[in-house]
Amino acid sequence: MRQRRRIPRLIGSLLLFATAGVAVGQTPAHSSSAAEPEVRPLGRIVPVPASVAPGGEPYTLTHATRIGVDAASRESKALGRYLAGLLRPATGFPLPVVDQAAARGGIRLRLSPEETALGDEGYRLRSAPEGLTLTAREPAGLFRGVQTLRQQLPAAVERKSVQPGPWKIAGGTITDSPRYSYRGAMLDVSRHFFTVDEVKRYIDQLALYKINTLHLHLSDDQGWRIAIDSWPRLTTYGGSTEVGGGPGGFYTKDEYREIVRYAASRYQEVIPEIDMPGHTNAALASYAELNCDGVAPPLYTGTKVGFSSLCVPKPVTYDFVDDVIREIAALTPGRYLHIGGDEAHSTSHADYVAFMDKVQPVVATYGKRVVGWHQLTGAKPADGALVQYWGLDRTPAAEKERVAAAARNGTGLILSPADRTYLDMKYTKDTPLGLAWAGYVEVQRSYDWNPATYLPGVPESAVRGVEAPLWTETLATTDDLDVMMFPRLPGVAELGWSPAETHDWETYKVRLAEQAPRFDALGIDYYRSPQVPWPAG
């Protein structure tokens, strides 16, 4: 187990004022004892729900509470067990999972196929003294509703030891469904490797904020992280290091399946990425024949980009690509496979186009749809492909127009502007971790933009959603990930989930500040931005 860096915390009730004397770019110690209301106002959560109708007295969770499910539904029973597992440690209540009829006065999880207006991920939460009911058309909707129920309870519910309570949920009705069907976060396990358990922790953090897509960046110049039986040196050699020269690592096929299974239990689809034709030094170092000159380069542990390329003219390159895509597609039940395509500076434009013309049909052959970084629009995106835009406000207009033209031609867009959503960008010049090539990205900047109008000339219908990538050149531990994810990730999640008309920084920053005790209860080290009115400890 690698040593984890712990950010110091002051002990006791030291008062911390968000607007006074906090050194910009640092993550000060913070107390978990910030006062919370006994009953959180209905809908005062992140992401903010689409419709909130407060009314009546709250529902109170007690020792006698039961969780009612449809006993004939495997998904419903699993969700009941999941909810009970979330609530039991802090409440100390037994919370038995029972058939609906036996849960009178308790929490009922209700699947109702006729509720078509709720869509695939929508839900309705009704809270009153006589009981709380979550209704959804699909199990994914119930799962999203459970996250709302969880956030409506005091933050202490996240702790792993018994807390005093009381456990009340404000009365009224929430009716909620997402703005976009794609709400993603990416974890780069190539620059620094993260274990299966560490990825599961990341998945759970995403789940709390209704993220539904986990994009795993599995290969790059610094490391290859997924076992490929037909090319075993990709992991045994290409996966043997990481940025800075650490030991690296990789996932066996069974470990990768476990990540996929765990993500599915949180209603997240995994999109594996094998970046090509650039960002391929780990593969080139593992197999000399993939290089045009037949000479394998040394392993690379630095952070430069753009220097590597698969040999586009060689037939063996496409044998390699076919094997890799075939084996990964067989492990991945989701719809998509990401083929990268960015920063291929060592590949000529003609070779890049030829490569993508050959590789995209391979993805379709194995039953998947292509996702690529927006440089894919320099070739011709395949039918049904998604393009992930990572440009900046200052990206040249011609490049933006090329992406917009592809969108007008039917290509779907995932928006990940680096100067808004890249979670590895420094908050300020004094932030110890992260990079700054896209600029500094404080919390308000990360939140305060509209995906529907961000790229000129893009029809709103082409925008499938948003994704927050987390690159790990400078991030080696879960604490490092936490500090850069939080508090920006919840804002990107809200952009993907909540209606455009609810988008307002002044009200959002107050709801975000109220997440601080929850971060603390979950053991999340976060950046205490001076832009957010954090509660005093």
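Biologist: How many helices and strands does the chain have?

Modeller: Keep in mind that this is a predicted model. Both kinds of element turn up in the chain: the count is 15 helices and 19 strands.

Biologist: And how compact is the chain, going by its radius of gyration?

Modeller: For 537 residues the globule rule gives 24 Å. The chain's own value is close to that, so the chain is as compact as a globular protein of that length. Its C-alpha trace spans about 75 × 55 × 45 Å along the principal axes. The radius of gyration itself is 24 Å.

Biologist: Which residues touch the most other members of the largest nonpolar core?

Modeller: In general, nonpolar side chains tend to be buried together in soluble globular proteins. The largest core here has 103 residues, and helix H7 (residues 315-331) gives the largest share, eight residues. Apart from this core lies another, of 33 residues, including Leu42 and Ile107. Back in the largest core, the residues touching the most other members are Leu216, Trp224 and Phe320.

Biologist: What does Leu216 touch, leaving out residues up to four places away in sequence?

Modeller: With those neighbours set aside, we're looking at partners from elsewhere in the chain. Among them are Leu187, Val189 and Val199, along with Tyr256, Ile259, Val270, Ile271, Pro272 and Glu273.

Biologist: Is Ala90 buried or exposed?

Modeller: Ala90 sits in helix H1 (residues 74-91). Its contacts beyond four places in sequence include Ala156, Val162 and Trp167. The C-alpha atoms of Ala90 and Ala156 are separated by 6.9 Å, though the two are 66 residues apart along the chain. Since buried means under 20% relative accessible area, and Ala90 has 0%, the word for Ala90 is buried.

Biologist: Why is helix H12 (residues 478-485) described as largely enclosed, and what covers its buried residues?

Modeller: Eight of the eight residues of H12 are buried, so this helix is largely enclosed by the rest of the structure. Those buried residues include Asp479, Leu481 and Met485. Their cover includes strand E10 (182-188), helix H3 (196-208), strand E19 (463-470) and helix H13 (488-497).

Conventions:
Residues are numbered from 1 along each chain as its sequence is written. This is a predicted model: local features need pLDDT of at least 70, side-chain atom pairs count only at pLDDT 80 or more; totals for chains, interfaces and linings use all residues. Side-chain values use heavy atoms; hydrogens and water are left out. A nonpolar core is a set of buried Ala, Val, Leu, Ile, Met, Phe, Trp, Tyr and Cys residues joined through side-chain atoms within 4.5 Å. Buried means under 20% relative accessible area, exposed over 50%, partly exposed in between (1.4 Å probe, protein chains only). Helices (H or I, at least four residues) and strands (E, at least two) are DSSP runs, numbered from the N terminus. Contact means heavy atoms within 4.5 Å. The radius of gyration is taken over C-alpha atoms; the globule rule is 2.2 Å times the number of residues to the power 0.38.
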